[in-house]
Amino acid sequence: TYVTVYAAAPKKEALVAINRAFERMKEASAKFNAYDIQSPLYLFNQKNVPISDPEVLKVIRAALVVSEKTDGAFDITVMPLTRLWGFSATSGPPRVPSPDEIKEVLKTIGFRHLSFKDGALVKDQENIQIGLGAIAKGYVVGEAIKALKENGVTSAIVVAGGDVYAMGKNRSEFWRVGIKNPRGDEPLGYLEVEDRAVMGSGDYERFFIKDNKRYHHIFDPRTGYPAKMCQGTFVIYQDPMLADAWATALFVMGPEQGLKIIEQIPGMDSLVVTATGDIITSEGLKK
């Protein structure tokens, strides 16, 4: 992911803080990379080594809470599906698998295959594999913000791909964060925010078209096919890690079911672009 960090501070201090933020992001990011042969994720997936790293466990525990609340619509065990469809770094070109192939892979999907033993994450089947792509980016953005704060910065913005955290104000103004139009170049509009993450999930990031049909990388773990009720979802919340996870969960669940749950989380707001291009926002955002 291409990351940009802006900090409003005297140049010398700002550069020290920004460099520290990037160091922290690199450090955390390496742990969450399922393709790095030294990462806890790789060892868990390929060699069945329980995960005991406290930082990785913290993110996994948060992910499992979202899985519980969404009845498995959000699931970190979808890695084999991602590979089957050709969206993984180690798979061939994207393709539409046969229903039988999907059925076979679904046997290895499900967050309930994961549990904790002696404080470490274990799995009940050797071929269970996890990927934290839908939550770790938000966590890493949060770590960058912490590093900036620790180095005296009170006003900054971190942009990681389509995900943003705006800290403090932009001088005396709110930060303006554009909302991407899933089917166009011009933004749908913008939000004015302070100390908030704006995290997005969409079918426009990684996809292929086959027989005039769009297939993308956000799967419904219950069907094995790309989720089809939304074009894009955006979640606004003070915790970037949870905003990231809920943007994906909302995308899979769709606006009707997803917004019901999100409305119950204090301080969380969202905007959904449905499959037909309608825009639905949470009650808080309407105000």
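Helix α1 has 21 residues and extends 31 Å from its first C-alpha to its last, close to the 30 Å expected at 1.5 Å a residue; the expected span is 1.5 Å times one less than the number of residues. Helices (H or I, at least four residues) and strands (E, at least two) are DSSP runs numbered from the N terminus. The model is predicted: local features need pLDDT of at least 70, and side-chain atom pairs count only at pLDDT 80 or more, while totals for chains, interfaces and linings use all residues. Residues are numbered from 1 along each chain as its sequence is written, and side-chain values use heavy atoms, leaving out hydrogens and water.

**Helix α1**
- Ala 14, Ala 17, Ile 18, Ala 21, Arg 24, Met 25 and Ala 28 are the buried residues of α1 (buried is under 20% relative accessible area, exposed over 50%, partly exposed in between; 1.4 Å probe, protein chains only).
- They cover an arc of only 125° around the axis, which puts them on the same side of α1; the arc is that of the directions from the helix axis to the C-beta atoms.
- Lys 12, Val 16 and Lys 26 are exposed on the face turned away from the buried side of α1.
- The buried residues of α1 pack against β1 (3–7), α3 and α6, contact being heavy atoms within 4.5 Å.

**Helix α3**
- The 16 residues of α3 (residues 54–69) should span 22 Å at 1.5 Å a residue, and the end C-alpha atoms are 23 Å apart, which agrees.
- Buried residues of α3 include Val 56, Ile 60 and Leu 64.
- Among the elements that the buried residues of α3 pack against are α1 (11–31) and α6 (136–150).
- Just after α3, Asp 71 takes a positive phi of about 55°.
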